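Let's take a friendly walk through this structure, starting with the ligand and ending with some backbone details.

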Amino acid sequence: RERAFEILASVHDRDDNRLGVEAMELLDAYGIPTPEGAIVDSPERAAEVAEGIDGDVVMKIVSPDILHKSDIGGVAVGVSDADAADTYEDLITRARNYQPDATLLGVQVQEMVDLDDGVETIVGMNRDPQFGPLLMFGLGGIFVEVMEDTTFRVAPVSEPEAREMTEEIRSAPLLRGARGRDPVDIDAVIETIGRLSQLVTDFPAILELDINPLVALPDDDGSNAAAVDVRLTVD
Ligand code: ADP
Ligand code: MG
């Protein structure tokens with residue numbers, strides 16, 4: 001919590017109120033599982049970080065001005081260590097072409113999560129003038145808008161309430177393992193909803209927050225969920 005406080009204070013001191021580098025750290029400070037990774041500002045560093053991470057990586061442009069990174073070709077998945085430096089240049093070029101005056105904070109190099117076995121979910125919070133902090137849970141990734149399969153609760157939520165959220169969306173059978181797929185670790189998802197609830201309750205300055213996707217992964221006693229993308233606005 002102290003760590004989260006420091007992170008938010010440092011953002012408050014800047015003029016833009018969107019977090020770049022700090023967003024993942026904030027989740028991490030609240031025990032929400034995030035993939036290994038770092039934000040780099042050179043092709044050389046991109047290669048170094050990629051080499052330090054097992055397997056292929058995912059690389060993404062980091063900019064407060066680019067909200068939907070994949071829409072502009074700002075996300076590269078399955079990048080080998082050897083390609084990391086070139087991919088860095090590609091991502092920067094694409095972002096520059098898309099919006100020449102965009103502030104580019106760098107490129108995020110991230111451990112690649114196995115989406116074949118996982119389910120992309122969304123966990124978010126919006127402050128409603130009437131109800132206060134509204135937590136949202138639903139099917140995530142590119143399907144959010146299409147499916148509109150979400151459910152809401154006012155934070156803070158209890159564990160049973162968080163569990164209900166995971167049970168009442170239409171896609172709930174996907175989480176339980178439909179069509180011969182392994183069920184995902186629902187408890188890891190519930191835990192994440194609870195921790196996010198705590199975070200936004202502790203910090204009213206967080207106006208809006210979306211983890212999309214939170215990848216729910218099959219039970220394997222490891223880290224069974226991964227917040228691979230987070231966007232937030234602070235006061
Ligand atoms: P944006 O939402 O801004 O387009 P994301 O970081 O959410 O950017 O990436 C878009 C999509 O790329 C995700 O929904 C997911 O399908 C895939 N993706 C992103 N990061 C990872 C990762 N670390 N491992 C595997 N797939 C990823
Ligand atoms: Mg996203």
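What follows describes the surroundings of the ligand and then the backbone.

Please keep in mind that this is a predicted model.

**Around the ligand**

Where does ligand 1 sit? Its place is the largest pocket. There are 17 residues around ligand 1, and those that come nearest are Lys60, Lys69, Ser70, Val113 and Glu120. By type, the shell holds eight nonpolar, four polar and five charged residues. Both domain 1 (2-111) and domain 2 (119-234) give at least three residues to this shell.

| Residue | Protein atom | Ligand 1 atom | Distance |
|---|---|---|---|
| Lys60 | polar side-chain atom | oxygen | 2.7 Å |
| Val113 | backbone N or O atom | nitrogen | 2.9 Å |
| Glu111 | polar backbone atom | nitrogen | 3.0 Å |

On its own, ligand 1 has 540 Å² of accessible area, and the protein covers 89% of that. Strand E2 (57-62), strand E4 (106-111) and strand E8 (206-216) are the elements that give two or more residues to the shell.

**Backbone details**

Now to the backbone. Most peptide bonds are trans, and most residues other than glycine have a negative phi. Ala155 and Pro156 are joined by a cis peptide bond, with omega about 0°. Pro156 belongs to the loop between strand E7 (150-154) and helix H6 (159-168). Glu148, a residue other than glycine, has a positive phi near 45°; Glu148 is in the loop between helix H5 (144-147) and E7.

Terms used. Residues numbered from 1 in each chain as written. Chains lettered and ligands numbered in written order. Predicted model: local features only at pLDDT ≥ 70, side-chain atom pairs only at ≥ 80, totals over all residues. Heavy atoms only, no water. Near = heavy atom within 4 Å. Polar contact = N/O pair within 3.5 Å; in protein donor to acceptor, adjacent residues only side chain to side chain. Areas by Shrake-Rupley, 256 points an atom, 1.4 Å probe, with all protein chains shown as cover. 1 Å grid on protein atoms, 1.4 Å probe; cavity = no way out; pocket = protein on both sides within 12 Å on 5 of 7 lines; lining within 4 Å. Sits in = over half its atoms within 2 Å of the grid points. Helix = DSSP H or I, 4+ residues; strand = E, 2+ residues; numbered from the N terminus. Nonpolar A, V, L, I, M, F, W, Y, C, P; charged D, E, K, R; others polar. Domains from an automatic or database assignment.
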